[in-house]
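Here is a brief report on packing in a protein model. Keep the structure open while reading.

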Amino acid sequence: MNRIDSTFAALKTAKKTALIPFITAGDPALDSTLPTMHALAQAGADVIELGVPFSDPMADGPVIQRSSERALAKGMTLRKVLGIVRDFRSTNQTTPVVLMGYANPIEAIGQAKFVDAAEAAGVDGVLVVDYPPEEADEFSALLQGKGLAPIFLLAPTSTPERIAHVARLARGYVYYVSLRGVTGAGHLDVDDVQQKVAAIKAAVPVPVGVGFGIRDGATAKRIGAFADAVVIGSALVQAMVDDTPNAAQRAGGFLSTVRTAMDC
Amino acid sequence: MNPYDLPDSHGHFGPYGGTFVAETLIAALEDLKAQYAKYQHDAAFKAEFEHELKYFVGRPSPVYHARRWSELLGGAQIYFKREDLNHTGAHKINNCIGQALLAKRLGKPRVIAETGAGQHGVATATIAARYGLECVVYMGSEDVKRQAQNVYRMKLLGASVVPVESGSKTLKDALNEALRDWVTNVDNTFYIIGTVAGPHPYPMMVRDFQSVIGNECIAQMPEVAGRQPDAVIACVGGGSNAMGIFYPYIPYDKTRLIGVEAAGEGIATGKHSASLTQGVPGVLHGNRTYLLQDEDGQIIETHSVSAGLDYPGVGPEHAYLKDSHRAEYVSITDDEALKAFHDCCRIEGIIPALESSHAIAHATRIAPSMAKDQILLVNLSGRGDKDMHTVAQRSGLEWK
């Protein structure tokens, strides 16, 4: 069983909502990512989304854009990200790791070669922002062939037909983008999100996570009341860069407060 | 070659093109695709488009025989398609009118655009003013500095110009920022992309609107030159002026199609924008195409003396035409383009855009080795008024 599936199965038994932190690999420092992943796992992360920085992150807001720029300036690459996952797996065999990023760094390696390397490194799922389902048939098949989960986004504007398409391809979980905008944007209409998540849950056989615009424990708790998973990215990335020398510690601290808020 | 019927219904030109965007943009693209399919063949829409091209842009633009220069070179006869004579000074306005008419029909009161040199921004601001639409133009902050006069023109026309500070602060980053705006304001906003790139249906739609250029040439050449040309030559950045003139010529097997990319300071220096001749396929800005990128798949910074060619990707249809050998692609350096620019000014009394000067340079490079009854048709895609400062700086001419 894929680590993502077993994690969600265990959470379901425990009647808990998954907490999924997102960090950009290589930011704020090349060597901060591995200790941060361990700190996040320690602080209650159920899945870790590891951002693969790209020069043109068109779906991301300013916080993740800057984070990607810093990581690239320090020399982060997709191959190095895989190296970090391999190192993480040498001491942690339980926390699922999902790579999130854009298509081109994967295409530069080659889809099949990348999938082999990701599996070997211990990656559990891959979310490629600019591979919507209509462009993802081959890549999804490659991932599934190695037991990795292709993870897809769904948006407020996704039609029932598209949700059905994603339902056929998706493994692991789907990631519902909770607002019209880029990562880290504006304010959430929680009631609206709740309605949409209910409709998606009815149509999709895998757990439904919610992200984009969740900044704190209070919002995470409200969203977590009806979603299977809550994703926190920009707020966490910002907290880490605000305290760069202690990024890992800061990330762990930030996540524990969210975890505590969600669980109380 | 087989009857040409691309892209397919998913926007693919062979392995290129497609819809490589985040889910958040899909609904807007589906809507645009449906609306374009509806209006593409709508008689009233076509009539309004043609009316605007005639009375607002001043079409048809003439095909002009560069007789003196052809004689001096002693080979093929060179003809210019005079897109420089269009209102706003370049071919960009053709496409902007088409898309703005769609925006009106879709009831979108706000249009956004990306721009590099500012030509597409100016064209968008122009048509937005004419149709009473709110207009926001994203422009890399580096380009804002380099193209101050066009920024001022856009402001005169009532547009807001937003300097983009992310990434390399140039055209590609302006495109990213425009996409982000669109995702956020998709309900009231139409994104007018300026070139034959981006997600489906943009490459097809922009090509269709620009193909007025080639269609006019097909009608004009027999009258002006006695027959269709042996080769059509156009500069390629994103590739909209080239697709506009190439597309109607695709079935004309005897006419070579030659795209000219910017070799910048020279291919060997790495400082160029020659995506087709030097890049490798990848995914950027919603489509799969040739890209200038490093071995890790990061998009690299490009260089050209002409800001309009300074783009690391290229329209996916050009990628397809290259692989299928229907079109051939070459490159011209900054210095070669500047020489052609000056020669064109002095010999023909026409000040061409630096972008178009790349196409002209290639024509003058191959003309001497061709027979005197052979014909080269160059798309003179824009006028050079916007380039005065750049040329003065580069050539050491007194500006004042």
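## Basis

This is a predicted model: local features need pLDDT of at least 70, side-chain atom pairs count only at pLDDT 80 or more, and totals for chains, interfaces and linings use all residues. Residues are numbered from 1 along each chain as its sequence is written, chains are lettered from A in the order in which they are written, and side-chain values use heavy atoms, without hydrogens and water.

## Nonpolar cores

A nonpolar core joins buried Ala, Val, Leu, Ile, Met, Phe, Trp, Tyr and Cys residues through side-chain atoms within 4.5 Å. Buried means under 20% relative accessible area (1.4 Å probe, protein chains only). The largest core has 195 residues. A:Leu99, A:Phe114, A:Ile223 and B:Phe246 have the most contacts inside it.

A:Leu99 touches residues including A:Leu50, A:Val81, A:Phe114 and A:Leu127, with residues up to four places away in sequence not counted. Contact means heavy atoms within 4.5 Å. Another core, of 28 residues, lies apart from the largest one. B:Cys235 and B:Leu309 are among its members.

## A loop residue

A:Thr77 sits in the loop between α3 (62-73) and α4 (78-91) of chain A. Helices are DSSP runs (H or I, at least four residues), numbered from the N terminus. A:Thr77 counts as buried because its relative accessibility is 10%. A polar atom of its side chain lies 3.0 Å from the backbone nitrogen of A:Lys80.

## A helix pair

In chain B, the axes of α1 (residues 23-40) and α9 (residues 202-210) come within 11 Å and cross at roughly 30 degrees. So α1(B) is roughly parallel to α9(B), a term for angles under 35 degrees. Residues that meet across the pair include B:Leu29 and B:Tyr36 in α1(B), and B:Met205 and B:Phe209 in α9(B).

Definitions and conventions: Buried means under 20% relative accessible area, exposed over 50%, partly exposed in between (1.4 Å probe, protein chains only). Helices (H or I, at least four residues) and strands (E, at least two) are DSSP runs, numbered from the N terminus. A polar contact is a pair of N or O atoms within 3.5 Å; within protein, one must be able to donate a hydrogen and the other to accept it, and residues adjacent in sequence count only if both atoms are side-chain atoms. Axes are lines fitted to C-alpha atoms, for helices over the stretch in contact, and angles run from 0 to 180 degrees between N-to-C directions. Angles under 35 degrees count as roughly parallel, over 145 as roughly antiparallel, 65 to 115 as roughly perpendicular and the rest as oblique.
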